Amino acid sequence: MAASVAAAHHHVPRRWLRFADDPGYRRHLKGMRNLQEGRHGLGRHVFHGRRGELYQAYHAGMEDQLGALGLVLNCFTLWNTLYLNHALDALRGQGYADAARLSAYQHKHINVHGHYEFALPDLGCQRRPLRDPDRVEE
């Protein structure tokens, strides 16, 4: 209610007060902001030169570069989503059910340095197997 009194004094539109007075709405907006920040974090990881920031003035073709970055982010997100679902199904089969804070924007497992070969392996229309979390990486 204090926000309403302050808004009346400063001529703040009532629709803005919904943010200040409604905890559920603030939680919803925070969740949306966290998703967007996760996508930006993935973008900075992929576009790693100069800490993920553009320093050049506009030049012809820049939209193509940004469009390609968006396409790559969507591909990573789709890949992560498919394998998160695959991993969740395996965990649920073992009795685990908590998946409240998973994000398709995780990127620590994505190596953006080096050279890549894009020959698709023949997996017979199946996914590659999940890694054993107890196995020590070499």
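By class, how many nonpolar, polar and charged residues does the lining of the largest pocket have?

Mentor: Bearing in mind that this is a predicted model, the lining of the largest pocket has, by class, 23 nonpolar, 7 polar and 8 charged residues. The volume of this pocket is about 1,800 Å³, and of the 38 residues that line the pocket, those closest to its centre are Trp79, Asn80, Tyr83, His109 and Arg128.

H4, which covers residues 62–93, packs against H3, residues 23–46, at an angle of about 115°, and the two axes lie 10 Å apart. Because angles from 65 to 115 degrees count as roughly perpendicular, H3 and H4 are described as roughly perpendicular to each other, and their crossing is right-handed. On the H3 side the contact is made by Arg39, Leu42, Gly43 and Val46, while H4 brings Leu69, Gly70, Val72, Leu73, Asn74, Phe76 and Thr77. Sorted by class, this contact of H3 with H4 has 6 nonpolar, 4 polar and 1 charged residues.

For the second largest pocket, the space amounts to about 350 Å³, and among the 15 residues that line this pocket, Asn34, Leu35, Arg101, Leu102 and Ser103 are the closest to its centre. The lining of the second largest pocket divides into 6 nonpolar, 7 polar and 2 charged residues, which can be set beside the 23 nonpolar, 7 polar and 8 charged residues in the lining of the largest pocket.

Technical notes: Residues numbered from 1 in each chain as written. Predicted model: local features only at pLDDT ≥ 70, side-chain atom pairs only at ≥ 80, totals over all residues. Heavy atoms only, no water. Axes fitted to C-alpha atoms, helices over the stretch in contact; angles between N-to-C directions. Helix = DSSP H or I, 4+ residues; strand = E, 2+ residues; numbered from the N terminus. Parallel < 35°, antiparallel > 145°, perpendicular 65-115°, else oblique. Left-handed = near helix turned anticlockwise from the far one by under 90°. Contact = heavy atoms within 4.5 Å. Nonpolar A, V, L, I, M, F, W, Y, C, P; charged D, E, K, R; others polar. 1 Å grid on protein atoms, 1.4 Å probe; cavity = no way out; pocket = protein on both sides within 12 Å on 5 of 7 lines; lining within 4 Å. Points joined across faces, edges and corners; volume = space filled by probe spheres on them.
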